[in-house]
Amino acid sequence: MNILIIQVLRMGDALQLLPLVQGIKEVFPQSRVSILTSTLGASVFENQPGVDEMFVLRKEALVKCVRDGKRETTISALHILEQDLGPVLSVEWDWIINFGYTFSSALLSYLLQARHRSGYSVTGRRQFLAKEAWFAHFLASFVLRQYSIFNWVDVNRKMIGLPRVPAPPVTHPQPDALSRARAFLQNAGLEERKLIGLHPGASGDHKRWPLEGFARLCRELKRREECGLLIFGGPGEKELGMRLRGLVGDGIQDLTGETTLEDLKAYLSLCTLLVTNDTGPMHLAAGVGARVLGLFFSTHFAETGPYGPGHLVIHPTLPCFPCQGTGACGHRRCLESVPPDIVRDVVLNALGIQPHDRMRMDHDAEAGVRVLMSGYDPWGYLEWAPVDRSALTLLDVEKLLLKTSWLAYTENGNMPEAPVEKSYLLSRLGAFGPPGDKEALRAGVLEMIRRLQEQRAMMEKACLGSLEIQSLCLKPGGEAARIKALGQDLEKLEGEMSLVDKDSAPAFVHELLCMMRENLERKDTLGLSTATIGVYRGMMRFSDLMIKRSRDMLDLLSHGA
Amino acid sequence: MNRAKPLSKGRSILHFCNYSPITSGIYPETRDLVLEELRVGYEAWIVDHVPNNPQRKDPACHDDLFRAGRVIGIEEFDDTQPSDLVCWHSFVPEKILQDRQRNLVMFLHAMPSHVFYNELYGQEPVLSYLKNVTGTLPHCHAYITLWPSHRPYWENIIEEKLLVTNPIICCDSISLKPDDAFDPGRLRLVVMDTWRGGKEPYYIMNAVQGMMTRSRRGELPFEVSLHIYGQGQGNIPPVWRTLIRRGLEGFFHFKGRDDPQHIFDTHDILLTQVGEIPTESRVIREGLLSGIPIVAGHANAEWTDFKHDCRDIEGFAGEILGCWEHMQDGEARRRMFTANRELACSRYDIRKNALPIFECYEEIFARSAAVQARAHPSPSDGSPIRWDLLRHALASDEAGDLAAAVERMAGADEAMSREEAVLRLLVDLPRA
């Protein structure tokens with residue numbers, strides 16, 4: 001089977017894909033797995049064992065030509081596209097998998113010949129959609145990011161039906177790069193030390209922990225004889241690396257701008273820990289099996305955190321987290337709210353130098369932080385559990401309910417038995433400290449149940465409306481006016497459904513419903529009404545699962561938490 | 001590991017079959033297949049060829065598929081509606097049959113001998129039709145039977161592709177019966193087969209009366225009753241009652257219809273006469289899923305340890321008693337339940353047994369030039385992108401305005417050309 005993976009996003013996204021590529025090759029070992037990627041992505045997939053062939057789209061060059069806006073450069077862009085796409089267009093692919101979520105990736109999928117397609121694509125009628133339910137969940141999480149639950153790797157693997165992806169390491173450094181790295185460390189007298197990598201850069205300043213934070217951390221760590229410190233970064237971050245070294249003084253090696261991707265891979269594979277902002281090298285470190293401490297300020301670790309067990313993240317518990325860099329809050333307090341001494345404690349604990357019970361946390365409600373560690377849940381999905389016993393909040397409870405309900409909904413009878421789920425929920429609830437206000441938490445869950453029930457009743461009404469439309473469509477000869485009127489009623493009802501408190505689990509359920517509706521192909525009215533009925537019925541079932549689990553949760557909170 | 005090939009999600013499949021969730025027959029098999037098709041991503045519907053079928057009008061007869069909007073009556077069906085595949089289960093209108101643009105597969109549900117004898121005695125000439133059309137229906141791409149034991153019979157008639165799969169059932173449809181209703185003092189026998197030629201419980205009713213008499217005399221330490229579903233008290237022909245010995249009438253119960261799960265849960269042993277070829281009827285598959293012990297009236301029934309030719313009514317009765325004795329031990333009884341369910345899941349699980357059917361569908365989709373790709377339709381049909389046309393389109397615009405070029409390329413076309421897609425790609429790449 002000829003499989004083509006489309007991944008033309010950023011390098012970090014390409015790096016995050018590595019477990020998926022390996023997973024596909026494991027499940028289809030006889031297949032030829034090719035990747036259509038950008039120039040930056042090519043450096044990621046080159047020499048990657050699961051990749052049989054790579055097609056490079058010179059995206060950066062194309063963008064430059066198009067942005068120039070002149071006729072001649074636009075025609076040059078066309079020429080580049082023709083050259084780069086030529087070899088891919090000539091292949092009749094068995095399966096095209098688009099792991100992107102942009103219009104351009106969907107258009108690429110559309111242009112190519114394929115028997116089957118997965119992921120985002122576009123129809124001949126110019127409708128951009130993906131039929132997979134997991135993609136709808138992913139889009140809903142984009143809108144309401146505080147409800148991000150699943151890692152992008154898990155979302156994509158479920159989208160294409162992979163039962164699992166290989167455990168790290170999923171990529172290995174080249175032997176010569178490894179030799180070079182070892183030689184450097186020997187010369188620097190670091191070969192016997194616990195190496196701690198630091199990545200102070202990031203693609204946007206909304207993702208960057210202030211340099212002074214890194215500097216304070218390094219000054220503390222370099223006092224520990226067992227630690228060796230390395231600064232990493234791309235060529236564009238050289239100045240940042242120099243500034244950090246300047247602030248720290250001796251006792252730290254600055255490798256910013258000095259490493260190719262292969263070199264970086266080699267160094268990371270030798271690191272005990274990488275302390276980093278949300279960056280591409282974070283995923284590379286996870287990919288080579290190094291442990292990561294990720295600092296997340298405006299992006300959500302659940303979605304783009306390092307994939308694999310035992311990683312750590314620290315994030316602020318501000319109400320505006322995560323903002324995705326929109327800066328809607330106007331204050332950027334998140335970047336100032338992670339104290340270096342907490343990061344130090346977490347690092348020392350991760351290195352086995354400081355025992356866990358000495359970890360100090362600031363639980364101030366306005367600017368607290370949380371420390372979490374990754375692991376796998378009983379169903380094989382990556383999840384994050386607090387290591388600091390931070391107080392259980394309504395959001396934590398909502399996310400647990402959304403997660404287990406979604407899995408029950410999508411696994412469709414293949415979930416483990418109820419006692420496994422109950423034991424899982426108890427253990428997850430037990431990982432948190434007691435809620436600040438237990439009664440308020442219970443009241444929150446009760447209110448959520450009430451809203452879910454209201455929402456469900458409206459969905460049922462909308463479903464019946466769609467059923468009536470369908471019945472009318474099946475009668476040859478008309479009733480177009482009545483169909484139109486029913487369609488307007490349905491729109492009005494859907495408008496009422498959207499009037500739900502944005503910061504709530506029912507809002508997420510509504511978003512999910514909207515995404516599923518938007519991803520229905522708009523062909524004839526009959527097909528659309530039938531598919532709409534299916535979506536409403538599915539979401540009603542999902543609501544039922546949420547409501548039941550919410551009621552069970554009230555019992556657990558009373559007796560278990 | 002999951003080695004399934006990806007399916008052409010979104011393909012539309014119409015199953016022509018009568019809607020009869022209450023009176024059983026072909027419909028439940030077709031429904032299970034449609035539900036599985038929907039589960040894997042096909043778009044499937046049942047078209048009920050019985051005009052104004054009362055079962056569609058009666059809410060008590062509405063099943064999940066109907067409520068999901070997936071059952072269309074023939075009187076409402078717009079026969080210009082395109083589809084990627086038509087599945088013929090019981091009847092297909094001539095207009096659909098003659099439409100060579102449609103892909104067709106025929107499902108052979110009935111027992112070949114029944115089809116023969118029906119025609120022999122003046123009913124529908126199905127066999128003659130099959131013999132005549134094979135080779136002349138070019139758009140009938142496959143004949144499919146779910147019964148391996150029917151293969152040698154169909155192979156004498158069907159010249160083209162005959163796909164033989166195994167019987168199907170959705171393993172979630174029936175759950176394991178509980179053990180809390182067992183009462184060693186009461187043997188509750190049950191019969192659930194559909195009443196038609198050879199499957200009415202004639203031999204069973206005769207066989208159980210010896211046990212009932214012995215029980216009345218105190219020779220057996222338990223009461224024996226026979227519960228017969230499928231015919232109610234009000235419509236049982238009087239001749240059936242002539243079979244019953246005087247004094248035993250109270251032990252025979254004609255129950256009409258009930259929920260199968262409830263029947264399995266509240267009875268002890270399922271009895272079945274089985275036709276001349278011991279295929280596993282739906283009742284048997286559902287019964288095995290529930291775990292209920294089954295005594296079959298055919299010595300070659302592979303799916304149960306308890307079997308005896310029911311025409312030897314004393315021997316058959318002895319087999320029932322042997323099964324009952326085995327059930328007295330709680331552990332052994334529960335092991336029987338579990339073993340039956342495991343057998344059903346391993347043999348009949350639709351998620352496994354439907355795969356060859358879907359592979360057949362995929363071959364048809366791949367082969368057919370008339371298929372309208374619905375999942376992600378693309379004009380990527382092998383025709384090359386007209387790069388020169390694109391260069392010309394861009395060169396003729398002084399301003400190099402891509403967005404305007406997209407609009408001009410799209411024009412009034414309902415469908416997006418590949419050239420338009422290329423221009424849209426250039427527009428979007430800087431944003432991505």
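Predicted model: local features only at pLDDT ≥ 70, side-chain atom pairs only at ≥ 80, totals over all residues.
How many salt bridges does a search of the whole structure find over all chains? The search turns up 59.

**Stop 1: salt bridges in chain A**

Select A:Glu258 and A:Lys238 and show their side chains. They meet in a salt bridge, 2.7 Å from N to O. Buried or exposed, or something in between? A:Glu258 is partly exposed, at a relative accessible area of 49%, and A:Lys238 is partly exposed too, at 34%.

Next, pick A:Arg71 and A:Glu72. Their side chains also form a salt bridge, with 3.9 Å from N to O. A:Arg71 counts as partly exposed, with 22% relative accessibility.

**Stop 2: salt bridges in chain B**

Hop over to chain B and select B:Asp309 with B:Arg311. The closest N and O atoms of this salt bridge are 2.9 Å apart. Colour the two by accessibility: B:Asp309 is partly exposed at 27%, whereas B:Arg311 is exposed, with a relative accessible area of 58%.

Stay in chain B and select B:Glu29, B:Asp32, B:Arg282, B:Arg285 and B:Glu286 in one go. Salt bridges with shared partners join these residues into one network.

**Stop 3: a nonpolar patch**

Zoom in on B:Tyr121, which you'll find in the loop between helix H5 (112-120) and helix H6 (126-133) of chain B. B:Tyr121 is exposed because its relative accessible area is 62%, and the cut-off for that label is over 50%.

**Stop 4: the largest cavity**

Time to go looking for empty space. Rolling a probe the size of a water molecule over the atoms shows where such space is left. Over the whole structure, the search finds five cavities of 30 Å³ or more.

What is the volume of the largest cavity? About 170 Å³. To centre your view there, select A:Leu526, B:Ser12, B:Trp45, B:Gln81 and B:Pro82, which are the closest to its centre among the 13 lining residues. Helix H21 (525-559) of chain A and strand E1 (12-16) of chain B are the elements that give two or more residues to this lining.

**Stop 5**

Last one. The second largest cavity has a volume of about 100 Å³. Select A:Pro19, A:His283, A:Ala286, A:Gly287 and A:Tyr307: of the 14 residues in the lining, these lie nearest the centre.

Which helices of chain A each supply at least two residues of this lining? Highlight helix H1 (11-16), helix H2 (18-27) and helix H13 (280-288). H13(A) gives the largest share, with three residues. Apply the class colours again: the lining of this second largest cavity has 11 nonpolar residues, three polar ones and no charged ones.

Technical notes
Residues numbered from 1 in each chain as written. Chains lettered and ligands numbered in written order. Heavy atoms only, no water. 1 Å grid on protein atoms, 1.4 Å probe; cavity = no way out; pocket = protein on both sides within 12 Å on 5 of 7 lines; lining within 4 Å. Points joined across faces, edges and corners; volume = space filled by probe spheres on them. Helix = DSSP H or I, 4+ residues; strand = E, 2+ residues; numbered from the N terminus. Nonpolar A, V, L, I, M, F, W, Y, C, P; charged D, E, K, R; others polar. Buried < 20%, exposed > 50% of the residue type's maximum accessible area, 1.4 Å probe, protein only. Salt bridge = Lys/Arg side-chain N within 4 Å of Asp/Glu carboxyl O.
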